Amino acid sequence: MLRVVICEDEQGCLTHLAQMVREIFAAGRLNGELLLACADPGELEAFVRTRQANVYLLDIHLREGREGFEAALKIRERQPEAYVVFISENVGLVFESFKMRPFDFLPKPVSPKGLLDLFSTIFRDMQNQARENEERYLTIRSASIDHRVKKDSIIMIEKYGEKAYVYTAGAKLTCYTTLEEFQNLLGDLPSIIRCHKSYLVNLNHITQRDSSRMKLTLEGGLVAYVSRTYRKRVFS
């Protein structure tokens, strides 16, 4: 859902922008709401201190000597993932605005199509980010509870009998998933490899390799053994 804030000190432009935003959401083209439309930078600052939006439309030049760049900096400090979009009639400011890492730049006068295209692009980017974030996690059912585990936080997975033990920096989870299934689930993480019929290890968490004893020491003092089948892959 798009949660939009506008800060524009030209009242006519502010009214026009707010109306376009409301019409886009009312038409059902995108799911969103306008949280604030203000002309006063101080009102924007108060909002950022206490609430959150994910899209900020900011005029680059705001009154009282406070620039849109300064407002963007405050937003970045508190809400680094927010989409900041600058608005100005001066297209020459596009390159100057890059220092604040805006998502986009809208030239005045802003058209309904331009605004809809912007929101559509932001919405697609949010969906992509959500998918990427979801792909970084694995759900492991342990003791009848589903645990969301960040894939790269897994140090080692040990198979003992029917049970598998998943070790992370802060937990040891027990489940009945096979190592083959874990390999498929973690296939997008090349740092996790098979080193033995009973072990998967994360190469990024190995602290010591002992080729003479075919043993790996991992973070947290965990130990995994290496079979001859995987020796070259681990010790080369």
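In this predicted model, the buried residues of helix 5 are Leu115, Leu116, Leu118, Phe119, Ser120 and Ile122. Their cover includes strand 1, helix 1, strand 3, strand 4 and strand 5. Helix 5 itself runs over residues 112-135. Its 24 residues reach 35 Å from the first C-alpha to the last, close to the 34 Å expected at 1.5 Å a residue.

Two packed helices are described by the angle between their axes and the distance between the axes. The axes of helix 1, residues 11-26, and helix 5 come within 10 Å and cross at roughly 60°. The two helices are therefore oblique to each other, and helix 1 passes helix 5 in a right-handed crossing. Which residues meet there? From helix 1 come Leu17, Met20, Val21, Ile24 and Phe25, and from helix 5 come Pro112, Leu115, Leu116 and Phe119. By class, this contact has 9 nonpolar residues, with no polar and no charged ones.

Strand 1, residues 2-7, is also part of the cover over helix 5. Leu2 is found in strand 1, and it is buried, with a relative accessible area of 0%. Leaving aside neighbours within four places in sequence, the contacts of Leu2 include Phe119, Ile122, Phe123 and Met126, as well as Phe25. Asn31 is another residue in contact with Leu2. Leu2 and Asn31 are 29 residues apart in sequence, yet their C-alpha atoms are 6.4 Å apart in space.

I now move to the loops. The loop between strand 5 and helix 5 contains Pro109. A cis peptide bond joins Lys108 and Pro109, with omega about -5°.

Gln79 lies in the loop between helix 3 and strand 4. Is this residue buried or exposed? Gln79 is buried, at a relative accessible area of 5%. Not counting residues up to four places away in sequence, Gln79 touches Val48, Arg51, Gln52, Ala53 and Tyr56.

Finally, I would draw attention to two backbone angles. Ala143, in the loop between strand 6 and strand 7, has a positive phi of about 55° although it is not a glycine. Met214, in the loop between strand 13 and strand 14, has a phi near 55°, again a positive value in a residue other than glycine. As for accessibility, Ala143 counts as exposed at 69%, whereas Met214 is buried, because its relative accessible area of 13% falls under the 20% cut-off.

Technical notes: Residues numbered from 1 in each chain as written. Predicted model: local features only at pLDDT ≥ 70, side-chain atom pairs only at ≥ 80, totals over all residues. Heavy atoms only, no water. Axes fitted to C-alpha atoms, helices over the stretch in contact; angles between N-to-C directions. Helix = DSSP H or I, 4+ residues; strand = E, 2+ residues; numbered from the N terminus. Parallel < 35°, antiparallel > 145°, perpendicular 65-115°, else oblique. Left-handed = near helix turned anticlockwise from the far one by under 90°. Contact = heavy atoms within 4.5 Å. Nonpolar A, V, L, I, M, F, W, Y, C, P; charged D, E, K, R; others polar. Buried < 20%, exposed > 50% of the residue type's maximum accessible area, 1.4 Å probe, protein only. Expected span 1.5 Å × (residues − 1).
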